[in-house]
Amino acid sequence: QLQLVESGGGLVQPGGSLRLSCAASGFTLDYYAIGWFRQAPGKEREGVSCISDSGGRTNYADSVKGRFTISRDNAKNTVYLQMNSLKPEDTAVYYCAARDPSIATMCSRVGRLYDYWGQGTQVTVSS
C-alpha cells in the first residue's frame, strides 16, 4: 500500500528553523514529483513548494522563497522541506503529496494534480 508519512513538525519560536520529512512506504519515490502544501485554520490550502522526480526542478511560493528549501534523497526514499526564518504566518498543518508518474513527473504547486497524500504534521510558530 502506497503511503506518505510526514514528520518533523512542532513548536518553534519566530526566526527558528524546522526540517520536515516526507517518507514513502510501499513504493519508490524516484519517479514521483513531490509537493509540500499547508493549510492554516480558516484558510485555503496553499502549495508551498515542489520538486520534480529527478530533483532538477523546484518551485516555491513567494511567501516562502528564500526561506524554505525542498530537497530529496531517493536513496532514503524521503523528501525534505528545510524551513528557516520561520514566521507566525507559517503556522499550519503541512502535507506532502505525490503525483502519479504515469500521468506526470513535473513539479506543480496545484494540489488537485496530486494523487497521494500524507496525514500532515503540525507546525506552530509562536513566542
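1. Which residues is M83 in contact with, leaving aside its neighbours within four places in sequence? In this predicted model, the list is G16, S17, L18, L20, R67, F68, Y94 and V123. M83 is also named among the residues with the most contacts inside the largest nonpolar core, and the core is taken up in point 4.

2. On secondary structure, the protein has 11 strands and zero helices. The order along the sequence is accordingly β-β-β-β-β-β-β-β-β-β-β. The radius of gyration is 13 Å, close to the 14 Å that the globule rule gives for 127 residues, so the protein is as compact as a globular protein of that length. Taken along the principal axes, the box filled by the C-alpha atoms is roughly 45 × 25 × 25 Å.

3. Some totals for burial, contacts and surface follow. Of the 127 residues, 44% are buried. When contacts between residues at least 6 apart in sequence are considered, 60% of them join residues at least 24 apart. The side chains include 13 positive and 11 negative ones, with the centres of the two sets 4 Å apart.

4. The largest nonpolar core has 29 residues. Within this core, W36, L81, M83 and Y94 have the most contacts. Two or more core residues come from each of β3 (18-25), β4 (34-39), β5 (46-51), β7 (68-73), β8 (78-83), β9 (92-98) and β11 (121-125). The contacts of M83 include Y94, another of the residues named for the most contacts inside the core.

5. R99 deserves a look, as a charged residue in a loop. Its place is the loop between β9 and β10 (116-117). Is R99 buried or exposed? The relative accessible area of R99 is 7%, so this residue is buried, the cut-off being under 20%. Not counting residues up to four places away in sequence, R99 touches Y32, A33, A104, M106, S108, L113, Y114 and D115. From R99 to N84 the separation is 15 residues in sequence and 26 Å in space, C-alpha to C-alpha.

6. D115 is in the loop between β9 and β10 as well. With a relative accessible area of 37%, D115 is partly exposed, whereas R99 is buried. Beyond residues up to four places away in sequence, D115 touches A98, R99, D100 and I103. D115 and F68 are 47 residues apart along the chain, and their C-alpha atoms are separated by 23 Å.

7. Most residues other than glycine have a negative phi. N77 has a positive phi, near 55°, and S85 has a positive phi near 50°. Where do these residues lie? N77 is in the loop between β7 and β8, while S85 is in the loop between β8 and β9.

8. The accessibility of these two residues can be given alongside. N77 counts as buried at 16% relative accessibility. S85, at 41%, counts as partly exposed.

Terms used: Residues numbered from 1 in each chain as written. Predicted model: local features only at pLDDT ≥ 70, side-chain atom pairs only at ≥ 80, totals over all residues. Heavy atoms only, no water. Helix = DSSP H or I, 4+ residues; strand = E, 2+ residues; numbered from the N terminus. Rg over C-alpha atoms; globule rule 2.2 N^0.38 Å. Buried < 20%, exposed > 50% of the residue type's maximum accessible area, 1.4 Å probe, protein only. Contact = heavy atoms within 4.5 Å. Lys, Arg positive; Asp, Glu negative; His and termini not counted. Charge placed at Lys NZ, Arg CZ, Asp CG, Glu CD. Core = buried A, V, L, I, M, F, W, Y, C linked by side-chain atoms within 4.5 Å.
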